[in-house]
Amino acid sequence: MIQFNKNSIERETTKTEKKRFDFPGSKIHTIPFLSYTIEHMSLKIKPDLVNKLLIDCEQQITIRAFKDLSEIVLDISDLKVTKVESQSINISKFRCVDNKQVIIEFSEILRAGSTINIDISYSAGFTIIDGKEKFGSPKTGFHFITKGDQGKQSSSYQAWTQGEATESRYWFPSIDTPRVKFTLDIEISAPQRYTVISNGILESKVMKDEFTIWKYDEKKPLPSYLVSVVIGTFSQYESKYRNVLLNYYWPEEIKEEDAMLTFSETPQMLKFFEKYFETDYPFQKYSQTAVDNFEFGGMENTTCTTLTRRVLHDKPVSKDYRNDIFLVVHELAHQWFGDMVTCKDWSHIWLNEGFATYCESLYWENSRGKDEFHYNLIEATDIYFEESNKLYNRPIVTNVYKHADDLFDAHSYEKSGFILHMIRNYIGEHNFRKSLKVYLEKYQNRSAESLDLLKVLEEVSGREMASFFDQWIYRGGHPKLEIEYTLTRNSLTKDANKCTQKLKIKIQQKNNDQNNKDFFKYYQFHLEFKISIVDKSRQKSHLTHLMDVDNLYSESFVDIDSDSNIEAISIDPEFKILKEISSVKVVNETKDFQLKRLLYNQMKDGETIIERITALRLLKNLYSADRIRIISDAIIQDKFYGVAVEAANTIGSFHDKNDFEKSDNSYQSLVSILNSKSTFDALRSETKRAIIRNIGVFERVDSISLLEDLIHISDVESDFVSSSAASALGKSSKEIEKIENKIQIISLLKNLVEGTNTFQSVLATGALEGLKELATDRDKEIRTEVAHFFLENTLESKDYFVRAKATSNLAKFLVNKNDTLSEDINDMNQAVFNRLKELLRDERRKIKINACSALADEDGKFHTIPDKRTYETIEILIDVAKNDLDGFVKRKAEHSANIVRGWIKDWASKPLLINSDSKSIS
């Protein structure tokens, strides 16, 4: 499974201390001991697409006992079990307990080693209201999709399931743990005009009356969370890779040539993975189906991945968007890591998600090259670092949590993927690939835990891996390093010209996270330094120095030839260690050995993009007027766009409201590139967007005409570029003096929201980002107009991406710190608050999550003292955290409630300042 917006971590602009991962009330979850298991399951369902019901279902399960039993227990939620029978054993009774379990009791003992078949009749969506039994659509697990503009009584045009982590129990009884795997056959009845996709091979299609009965059969075992049904009217493309049937399905209104932009690389991916893993694709078929309203990017159901249609696009979008390819790679890799070999328990979910995430990078390395591979690693670790620094650290493997969904975070995905990259470097490419082969062979069609992988790695590589796992898998956090260089010259003779140079490298680990019980422990690893040297004849060479880092302070020395100068020092040039470099310092700088010079040389001449991007990031704290041109040149001249993007970001970081000359030099360097049409047009879209975005950082009215041109010019080839211009336009308009000019900008941005139709509404959402900058405008009429526009764009009739963006930006209008006595403004603030409360009950996950975040955004914090709305916010967020079915929403609601509570705590800890003259309290 992969989150739809995987490249963004919810940003919490709070000043409270970083939160713990395990919220109060978290429990220890152990891998369950099984006294019986399900070996095979048969399902017969006939979804009612008109009334959106799933009733009169039939199930047969084959149970194998591991010890003598008098009863079995199956997981259910909102299921009405009406009959339980067996031809294999006498059943005395069955009963449902707390809407969570059905207990089936035998009138005789089921002996260890025996197997029996049990037939169960049931209906889903069961509830009791006012003492009366009723059936409705399942609350989750099995989803009926209707057209939003046809009212809630309209028939479903699609239906699909989503089982991970524990939602399958809402539409069939099961042992809902990933370690229980069973073979499956399933019959689905659907109206004849519909296509049905499920796990395994299609065995038959039988027409009966106005329905078609589709029968699928999967002979290799799968867990309950990977059981899938998709029903809809789709276009279809069929092909083969060797003996594997390939099927792609998508909504009929999308052109085949557009859909195939996403699907067409599937055979190449299969070929690469089979070769890399030295393991054939484990199933007979692989289908991918793009559906509506899917809350994830994709889900790796065995043999039949489900994707969101929102990733399908036309050819012009291809140069800006590649997440669809990553998504297809990720879910395909799961067929080996997750489906053929399944994590034994959710605490080991990294064995599924970490592998699938790193497989994205492996495929990218093979198909796009080393630079793209390295850039993918950088982007992935940036996501993890943001979660680590803003939210929490946790061990990759932890069994302390509230809901299994809590574990689907950047630790299980991006961090785990990079740890696999570290293992690859630690044991070597040959041993890594052989380990994958052995692991897949040994645990095929079974489940595994982290210790199983550890043992395989040790057996294959001959290296001790327990200490590696203890440090990187079972411990939270990562190294944070402060690095110092000192260069000394020591005379060997009385002749002062005869001397040697010694480079001292000193590293301090800054990992003291008081929220981490292991904060007193320091990481132990080897860190590579590449030292670039120029001798007196201007010949360049490199020294590679491997340093032991093993304590609070670590030191190492490198001898440098006396006739040579150090041009650059690259830290971990191939990115083999997960770490953050907090600072780099040169002690006792000289003309020939100074930090800026080292970094500029590394930025220009670094062989890997890791070296060049690392140098640019370290330069953000080292502005120099005479060197800004060098950074600007990197935007234009560097052969890899990711370095150019980082160079633009570095220049943008020099924005300083207290230093006009510094800001102006930086701003003008970006504008000069934009003003040179031939230069700007030759850049990649990613670089253009970075330049535009960073021009907006300076909030200069001078930028407006430039940005308007980028929006208005009809031959701008990228909606993504125009979107960045719309966002930057809002920032640049904040200081406009004339109201009529500002109103023109507002009108332009509103027209982009209402009058454009682009991929993922990228232009509309960019315009909304620009409009939100006017939330604090001095003119209250403007603030009110913009607020109401955002409110309108949260309505259900609006596009999903527009709604999501508008919802998150409502935080800007929750409180007003200027016209506190204005009735109109207060009414607007209350209207925004009321709307956010409604959005907490929305049907879409992202909308609810964004509403939670908005209510806890620093921009929505009370101005002077906690008010009634503050306490109501806590109350409604707690209610969502308790009662929402979605684990992702529950966690976000609890996190947001704690942020608001933190505001009150901070306020209460400070003495009141009561001003009797102004009648104010602060």
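Predicted model: local features only at pLDDT ≥ 70, side-chain atom pairs only at ≥ 80, totals over all residues.
1. Two strands are taken to pair if DSSP finds at least two bridges between them.

2. Strand E3 (residues 36-45) has two partners to consider. With strand E4 (residues 57-65), E3 pairs in the antiparallel sense over eight bridges; here Leu43 has Gln59 of E4 as its bridge partner. With strand E14 (residues 181-191), E3 pairs in the parallel sense over six bridges, and in that pairing His40 stands opposite Thr183 of E14. How enclosed is E3? Eight of the ten residues of E3 are buried, so the strand is largely enclosed by the rest of the structure.

3. E29 and E30 form a hairpin with five residues between them, and Arg538 in the turn has a positive phi of about 70 degrees. E29 is mostly covered, with nine of its ten residues buried. Towards E32, E29 pairs in the antiparallel sense over six bridges. Val534 stands opposite Asn565 of E32, and the bridge partner of Ile533 in E32 is Ile566.

4. Which helix packs on this sheet? H10 is itself mostly covered: eight of its eleven residues are buried. The buried residues of H10 include Arg597, Asn601 and Gln602, together with Leu595, Leu598, Leu599, Tyr600 and Met603.

5. Helix H16 (residues 685-697) and helix H18 (residues 719-732) pack at an angle of about 5 degrees, with their axes 8 Å apart. Angles under 35 degrees count as roughly parallel, and H16 and H18 are therefore roughly parallel to each other. H16 contributes Ser685, Lys688, Arg689, Ile692, Gly696 and Val697 to the contact, whereas H18 contributes Phe720, Val721, Ser724, Ala725, Ala728, Lys731 and Ser732. By class, the contact of H16 with H18 comprises six nonpolar, four polar and three charged residues.

6. Aromatic rings are counted as a pair if their centres lie within 6.5 Å, and by this rule the model has 51 aromatic pairs. One of them is formed by Trp250 and Phe263: the ring centres are 6.3 Å apart and the planes stand at 35 degrees, so the pair is tilted. This pair links distant parts of the chain, with Trp250 in strand E20 (residues 244-251) and Phe263 in helix H1 (residues 256-263), 13 residues apart. Both Trp250 and Phe263 are buried. Phe273 and Phe277 form an aromatic pair that is stacked, at 5.2 Å centre to centre and with 5 degrees between the planes. Phe273 and Phe277 both lie in helix H2 (residues 266-277), four residues apart, about one turn of the helix. Phe273 and Phe277 are likewise both buried.

7. Gln288 lies in strand E21 (residues 285-291). Is Gln288 buried or exposed? Its relative accessible area is 0%, so Gln288 is buried. Beyond residues up to four places away in sequence, Gln288 touches Asn247, Tyr248, Tyr249, Phe263, Thr266, Thr305, Leu307 and Val328. Phe263 is thus among the contacts of Gln288 and also a member of the tilted pair with Trp250.

8. Glu71, by comparison, is in strand E5 (residues 69-75). Glu71 is partly exposed, with a relative accessible area of 31%. Leaving aside residues up to four places away in sequence, Glu71 touches Ile103, Ile104, Glu105 and Phe106. The C-alpha atoms of Glu71 and Val643, 572 residues apart along the chain, are separated by 63 Å.

Key. Residues numbered from 1 in each chain as written. Heavy atoms only, no water. Helix = DSSP H or I, 4+ residues; strand = E, 2+ residues; numbered from the N terminus. Buried < 20%, exposed > 50% of the residue type's maximum accessible area, 1.4 Å probe, protein only. Contact = heavy atoms within 4.5 Å. Axes fitted to C-alpha atoms, helices over the stretch in contact; angles between N-to-C directions. Parallel < 35°, antiparallel > 145°, perpendicular 65-115°, else oblique. Nonpolar A, V, L, I, M, F, W, Y, C, P; charged D, E, K, R; others polar. Phe/Tyr/Trp six-rings, centres within 6.5 Å; stacked < 30°, edge-to-face > 60°.
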